[in-house]
Amino acid sequence: MLRKQVIVNESLRVSADLVIIDLSYVIKLTDPAKWVWVEECVKSWKEKMNANATFLGVMDSKTWYSLNEADQQSFRMWRNAGRAQKIRFADPLILEIASENRAAQIITYDKYRDFRRDHTWLQGTTRIWEPFLEDETISFRQVDCPPIPEHDISKAVQDAGLKPRGFTNRESWKDLRFDWQCKTIDCRLANTHAIQEDPARDNDVVICPECRQPLTKLGPRSKTREVIFLVESDELCRVPLAQGEAITVGRGNGVGRFDVRKILSLEVAEKISRDHVCIENDHGMIFVRDLGSTNGSSVVRDKGRVKTLGAEKYALGLSDRLHLSRGVLVIRISGKQRSFGIFTPDLSTPPYLRQKDNLK
Ligand SMILES: [Zn+2]
């Protein structure tokens with residue numbers, strides 16, 4: 001798939017003098033980023049390394065948008081000459097070209113730890129060169145890429161997978177500390193509360209991974225909780241609730257509602273009131289209250305102790321089960337917690353393994 005997007009002159013493909021420039025790194029030799037470093041890089045490489053070198057630049061789209069107009073124009077000239085390529089993610093393309101051109105050198109700072117499973121030639125490679133500024137000119141030093149053990153490669157692959165694509169800088173990663181909601185009417189993710197998938201990012205806007213429209217920011221991820229709906233201990237669905245969110249559980253759909261008719265037979269759903277219980281996330285604690293339902297609701301605690309639920313808010317613990325209409329529908333909190341970059345296991349599956357309620 002990538003190959004179709006590569007505009008590489010065939011003569012470059014087989015050249016032993018090919019140098020691939022990771023443009024996003026090179027232009028950031030100074031802050032703010034400047035295209036002039038690319039030209040300096042070329043000049044300097046020809047002077048100090050190889051006078052016959054030919055160059056191919058790869059830039060990720062995100063970086064391109066950060067360039068000023070003159071620098072974008074410089075990039076276009078390179079691209080029109082078949083010397084540069086803009087793509088959403090630069091690394092896979094750079095490595096693909098380097099794999100096809102076994103003698104090609106790469107100018108970057110990257111050691112590509114998370115790509116070493118697919119590109120084993122990276123282990124111990126001497127083909128990566130780091131540019132640095134010395135007396136106003138660019139020099140190069142070889143990047144030391146010693147082989148790394150398989151388990152470290154696995155870890156690097158996993159870490160890379162934790163970073164949703166498009167979130168390329170430290171500033172944007174802050175957005176991953178929050179949960180997001182899609183409000184596009186026709187979107188598959190629109191009716192969920194906090195979207196469970198990671199958001200995407202496009203040109204400084206956090207967007208829906210499905211419909212690619214801008215998302216609405218909810219509370220911090222570390223405060224998002226998830227409730228599970230069960231019938232006779234069979235799990236039917238899970239609903240994430242972000243900080244500050246509340247849902248009314250009952251027969252009826254609409255904004256801020258969970259419609260039990262989606263998961264129960266008509267006959268069973270009849271036993272649930274239109275407005276049966278309200279479930280609310282208040283700073284990571286789940287509170288429940290009965291909304292004056294016909295058949296009532298109760299919380300079953302450890303050892304079978306039962307508390308009938310009234311109009312006052314009740315803090316639901318990890319081991320508590322909320323019974324609607326004497327248990328035709330059961331709701332409990334999952335132990336799933338997610339904060340930035342840290343995934344903790346769902347401690348409540350299987351249920352009741354934990355004695356201590358760590359959500360309080
Ligand atoms: Zn959407």
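Of the 360 residues of the protein, what percentage count as buried? The proportion is 30%, a residue being buried if 20 or more other C-beta atoms lie within 10 Å of its own, exposed if 12 or fewer, and partly exposed in between, with C-beta atoms placed from the backbone. The structure is a predicted model, in which local features need pLDDT of at least 70 and side-chain atom pairs count only at pLDDT 80 or more, while totals for chains, interfaces and linings use all residues. Residues are numbered from 1 along each chain as its sequence is written.

The pLDDT, the predictor's confidence in each residue on a scale from 0 to 100, averages 84 over the protein, and 86% of the residues score at least 70. Values remain under 50 over residues 1–14, for which the model has 18 contacts beyond four places in sequence; here two residues are in contact if their C-beta atoms, placed from the backbone, lie within 7 Å. A further stretch under 50 covers residues 340–360, with 30 such contacts. Among contacts between residues at least 6 apart in sequence, 55% join residues at least 24 apart.

The secondary structure comprises 10 helices and 23 strands. Helices (H or I, at least four residues) and strands (E, at least two) are DSSP runs, numbered from the N terminus, and two strands pair if DSSP finds at least two bridges between them.

Helix α8 (residues 150–162) contains I153, which is buried because 20 other C-beta atoms lie within 10 Å. Beyond its neighbours within four places in sequence, I153 is in contact with R113, R116, R117 and I148. The C-alpha atoms of I153 and F115, 38 residues apart along the chain, are separated by 8.0 Å.

Strand β11 (residues 225–231) is mostly covered, with 5 of its 7 residues buried. It pairs with β12 (residues 234–241) in the antiparallel sense over 7 bridges, and E226 stands opposite P240 in β12. The hairpin of β11 and β12 has 2 residues between the strands, and E232 there takes a positive phi near 45°. Strand β11 also pairs with β21 (residues 329–333), in the antiparallel sense over 4 bridges; the bridge partner of I228 in β21 is R332.

Another open sheet contains 5 strands in the order β14-β13-β15-β16-β19, with mixed pairing. Its edge strands, β14 (257–259) and β19 (314–315), each pair on one side only. Strand β16 (residues 285–290) runs antiparallel to β19, and 2 bridges join them. The bridge partner of F287 in β19 is A315.
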